[in-house]
Amino acid sequence: MLTRSYPSADDLYQYPFVHRRVLAYRARGHDVAVFRFDPAGRESRHAFEGVDCETGGAAALRRAVAGFAPDVAALHGLSEMLWPAFAALDPQLPVCAWLHGTEIPGIQRGKLAWIADPAQRDEHEALLATRIAFWRGVLDPWPENLRIAFVSANSREVMRADLGAVLQDRRTTVLHNPIDAALFAAQQKTPEDRFSVLSIRPHHNEAYGNDLAVAAVLALRERPWFARLNFTFVGDGPLFAATMAPLRGLPNVTLRQCFVRQDEIARLHRAHGVFLVPTRLDTQGVSRDEAMASSLVPVTNAVYAVPEFVDSACAGLAQANDAAGLAHEIAAMVEDPALFQARSAAAAARVRAQSGDDVIIPRELAWMAGGSA
């Protein structure tokens, strides 16, 4: 498992979906070595929940591959920084690469719309041009040992918009990020749970839509039952303080500026009924799917890949940048507890059928072994 990022005790939100895969592969009897690539070549080791992760540059990667002798390399976060070091290894080693988001030029382009600082915009525009050139250089001609998985059909089409015919369907597949349905266990929600609203999000950029969540809460203040609602916001990042500022002082809002482990996330799920997860840019939405697995009803925006994973039967859907629509969906469930409970049951069922680990992990293993997904 070669990845550009991996969780640690100090940074819990770095590719947790890669960590869940490692645990799932091992549970099914596979030996997995984890290597986190550092373009600067800094070498270190750390353990996270019983998994050892080695970090280093090209030289350390060569030693790790030679020592472990893998049957297949699973790459997460393939980009112009990682590929040269890996391309220098044995060309016969099968490489299965997952593209999660920012590796895809169109996703990078989508983020540009939410960057106001001119210097940062210039930096991201340069990165976008570099990324398009990288993919055209790598995939034309396509390396014989490389296959690519997208976490949604939408993200593959976003990639195709830049690469066209260079993106060969026979060498790609769609494999959703698997959701641990045992950790995020389904729980029958009571009508009272509809008053408890949870948000767990990073606050690194506006694409996460946390400002929309704040605006939705403020829009609900005019409702006669607003005081019965309780909101819990958990997350961290450079935008947290400024984004959450309008909610400070509201007696029914709890703000926790921190990252939390996945077992703590599961505990928070059990104490809430609605998951407020607006977005402006998603290739899947793993945190939303984990909440759905725990029987929370997500309230989100129908943008990018989101409609591939939820509909009005299992979620509250607003249009792009529509904070009032998010508030409306919460209000609809407050005023109709039967709607809330029906959506809750449907959310837990849908995510298990579509993205549950018992569904996805066997497909991934078969694909990595050379078969179809």
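A: Strand S7 and strand S8 (residues 172–174) pair in the parallel sense over three bridges, where strands are DSSP runs of E with at least two residues, helices are runs of H or I with at least four, both numbered from the N terminus, and two strands count as paired if DSSP finds at least two bridges between them. In this pairing Ile-148 stands opposite Thr-172 of S8. The model is predicted, so local features need pLDDT of at least 70 and side-chain atom pairs count only at pLDDT 80 or more, while totals for chains, interfaces and linings use all residues. Residues are numbered from 1 along each chain as its sequence is written, and side-chain values use heavy atoms, with hydrogens and water left out.

S7 also runs parallel to strand S6 (residues 95–99), to which five bridges join S7, and here Ala-97 is the residue opposite Ile-148. S7 itself, residues 146–150, is mostly covered, with five of its five residues buried, that is, under 20% relative accessible area, against over 50% for exposed and in between for partly exposed (1.4 Å probe, protein chains only). In a regular strand the side chains alternate between the two faces of the sheet. Leu-146, Ile-148 and Phe-150 point one way from S7, whereas Arg-147 and Ala-149 point the other way. Together with helix H6 (residues 153–163), S7 and S8 make a right-handed β-α-β unit, meaning that, with the strands pointing away from the viewer, the path from the first strand over the helix to the second runs clockwise.

Elsewhere, six strands form an open sheet with parallel pairing, in the order S11-S10-S9-S12-S13-S14. S11 and strand S14 (316–318) stand at its edges, each with a single partner strand, so one side of each is left without a neighbour in the sheet. Neighbouring strands of this sheet are turned by 20° against each other on average, direction ignored; axes are lines fitted to C-alpha atoms, for helices over the stretch in contact, and angles run from 0 to 180 degrees between N-to-C directions. Within the sheet, S12 pairs with strand S13 (residues 297–301) in the parallel sense over three bridges, and Leu-276 has Val-299 in S13 as its bridge partner.

Helix H9 lies across S9, S10, S11 and S12, running at about 160° to S9, where contact means heavy atoms within 4.5 Å. Helix H12 (residues 337–355), by comparison, lies across S12, S13 and S14 and runs at about 90° to S13.
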